[in-house]
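Subject: A structure for you to look at

Hi there,

I am passing on the structure we talked about, and my notes follow just below it. Have a look at it first, then read on.

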Amino acid sequence: MTVLSAKNVTVRFDELAAVSHVNFRATEGTLVGLIGPNGAGKTTLVRALANLILSEGIVKLDGQRLEAIARRTLAQNVAYLAQGQPVHWPLSVRQLTTLGRLPHRAPFQRHGFDDEDKVERAMSLASVTELADRTIDTLSGGERARALLARALAVEARVLLVDEPVAALDPYHQLEIMEVLRRYAEEGGLVIAVLHDLVLAERFCHRLFLMRDGGLLCDGAPHEVLTDDNVQAAYRVASAHGEHDGQRFTLPWRRIDAD
Amino acid sequence: MTNAGPSRPWLVYAGLIASVIGLFTLSLMIGRGGVWLPASENVGADVADIILFEVRLPRALLGLIGGAVLGACGAALQGLLRNPLAEPGLVGASSGAALGAVVVFYFGLFGGQMAVPMGGLVGALVALGLLYGLAGRRPDVMTLILAGVAINAFAGALTSLALNLAPSPFAALEIVFWMLGSLADRSMDHVWVAAPFAAIGLLLVLSTGRALDALSLGQDTAKSLGFSPGWATLRVILGTGLAVGALVSVAGMIGFIGLVVPHLMRPLVGYHPSRLLLPSMLAGAAVMLAADVVVRLPMQGPELKLGVVTALIGAPFFLMLILRSRRAAA
């Protein structure tokens, strides 16, 4: 079933189009990797999908335009984790994760045991349970990234938009977070994750969107998207391919001169 | 640091409420030079009643309202701007109110004792209108701060100009003394001028708790959690402007309470902006009432001005807080 669809989505900053004419339909149970070079418009597209910036074209959640959905309902259904998410006060990891339950609380309603369970579950998914009482300013970069992901997981939204969730992590935690995102998708969510690591993207994602210059250059299964020609066209690099455990992987290998 | 907030917030609330009630009562009981009203046998019951209800009650009420306003607005602004240095004067309404009052002094528009507060209110509202005019239709936090700084500077310059051109040294002195901030010699009329604005302002500010919590993750994330940063900003700025503008109109400039009180409360209730609002309101009231008792203790000389005392105590205290938190961070 289609959860999220984009039709002719275009975002302009002044006259410059950061995202232009993006079309897709994405279904539940899918982990989508949004890849592409710096400045391709990945972050802008994700923000448009979360209704955080004005865009032309139509984004629909369950067939309903985002603008027509009540703010709180939208917040319950679409969670967003910003790239380099700031945390302005030294909150504990548990307090931070609990903020993810805000969309589910009616005004004046206090947060209940149900919420507490969900907070614990989100912390355990992101493996930050041991850090629950530590404040965010005392964490390492990797611990911090996982705590922030826990906050986004705690929303338990049907659509999870995450911007570079593994950028600051070591290989162990990169694999761990990708597993979490994949499981989130397989349990019925739609996850769209901005990624730079082609190996992780190919290994874990069900589907890839390759962006260049604001448009979708290619959209499909990882092995269809990460061809030599596509990688070269998008990133200006020649790639090498290999196989391990029956899975194909792609390595960016050599720069190609612009001319 | 593993401080994740209080295990017993009700204890903090109980302590704060008890302090406010105690200090309010003390404010009613203690007079100039520490004279204990009920024990003084030189005055008759009717005089005692007049002192209690017409001199001390308005003063205590203004201390209660004013301190609550400064504490709550300081905490809300620090949450909104995500900056522990924010204080209620930042939005420009208090310097606008001061200028409005000074204009009344300067032009000698003494239409009764309420002319100065009315001038202050007009000044505060003009400053607020100017703030939103300057910041545009979709104001972001940085633009608002800069506009507030500009308004403060301009209102300050105009106030200085009034002093510079003051027709007599007495007029200048009167202006300066008024600006130092005081709750002495205020009547119930002053309370009635300030109270409605303070109430509206406090309601606006206290309604933003959850939005402020969400904003501690930045504007985008707050929006994705279902809050409108613009609406929260409007409520905090408008609420602070109305409440603090009205307070300055009746009491002059009283600094440092709005800045320091949230810092006092954080170790007790944690860093959540929403959990800080009510305790800061109560603690602000307690601190203001206490400071207003302190100013009337000296028997001789002119009465100390409340704004002078809050700054005298507040500034070193604030420095100590900063040094301590830096040492903890190191």
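How many residues does the contact take from chain B, and how many from chain A? It takes 19 from chain B and 26 from chain A, where two residues are in contact if their C-beta atoms, placed from the backbone, lie within 7 Å.

Before the rest, a word on how to read this. The model is predicted, so to speak of local features I need pLDDT of at least 70, and side-chain atom pairs count only at pLDDT 80 or more, while totals for chains, interfaces and linings use all residues. Residues are numbered from 1 along each chain as its sequence is written, and chains are lettered from A and ligands numbered from 1 in the order in which they are written.

**Where the chains touch**

On the side of chain B that touches chain A, α8 (209-215) and α9 (219-224) of chain B each supply at least two residues. Helices (H or I, at least four residues) and strands (E, at least two) are DSSP runs, numbered from the N terminus. The largest share of that side, four residues, comes from α9(B). By class, the side of chain B that touches chain A has six nonpolar, eight polar and five charged residues. Here Ala, Val, Leu, Ile, Met, Phe, Trp, Tyr, Cys and Pro count as nonpolar, Asp, Glu, Lys and Arg as charged, and the others, Gly among them, as polar.

**Chain B**

Chain B has 13 helices and zero strands. Its radius of gyration is 20 Å, close to the 20 Å that the globule rule gives for 330 residues, so chain B is as compact as a globular protein of that length. That radius is taken over C-alpha atoms, and the rule is 2.2 Å times the number of residues to the power 0.38. The C-alpha trace of chain B spans about 65 × 50 × 35 Å along its principal axes. Of the 330 residues of chain B, 50% count as buried. A residue is buried if 20 or more other C-beta atoms lie within 10 Å of its own, exposed if 12 or fewer, and partly exposed in between, with C-beta atoms placed from the backbone.

After α6(B) comes B:Gly181, with a positive phi near 90 degrees.

Helix α5 (residues 141-164) of chain B also holds B:Ala157. With 13 C-beta neighbours inside 10 Å, B:Ala157 counts as partly exposed.

Strand β3(A) pairs in the parallel sense with β8 (residues 190-194) of chain A over five bridges, and A:Leu34 stands opposite A:Val194 in β8(A). Two strands pair if DSSP finds at least two bridges between them. Strand β3(A) also pairs in the parallel sense with β9 (residues 207-212) of chain A, over four bridges, and there A:Val32 stands opposite A:Arg207.

A:Leu34 turns up again in the largest nonpolar core, as one of the residues that touch the most other members, along with A:Leu161, A:Val191, B:Val69 and B:Ala246. This core has 184 residues, and helix α2 (residues 45-81) of chain B gives the most to it, with 15 residues. Such a core is a set of buried Ala, Val, Leu, Ile, Met, Phe, Trp, Tyr and Cys residues joined through C-beta atoms within 7 Å.

Elsewhere in chain A, four strands form an open antiparallel sheet in the order β2-β1-β4-β5. Its edge strands are β2 (16-27) and β5 (64-65) of chain A, each pairing on one side only.

Finally, β11(A) and β12(A) form a hairpin with two residues between them, and A:Asp245 in the turn has a positive phi of about 50 degrees.

Enjoy looking around!
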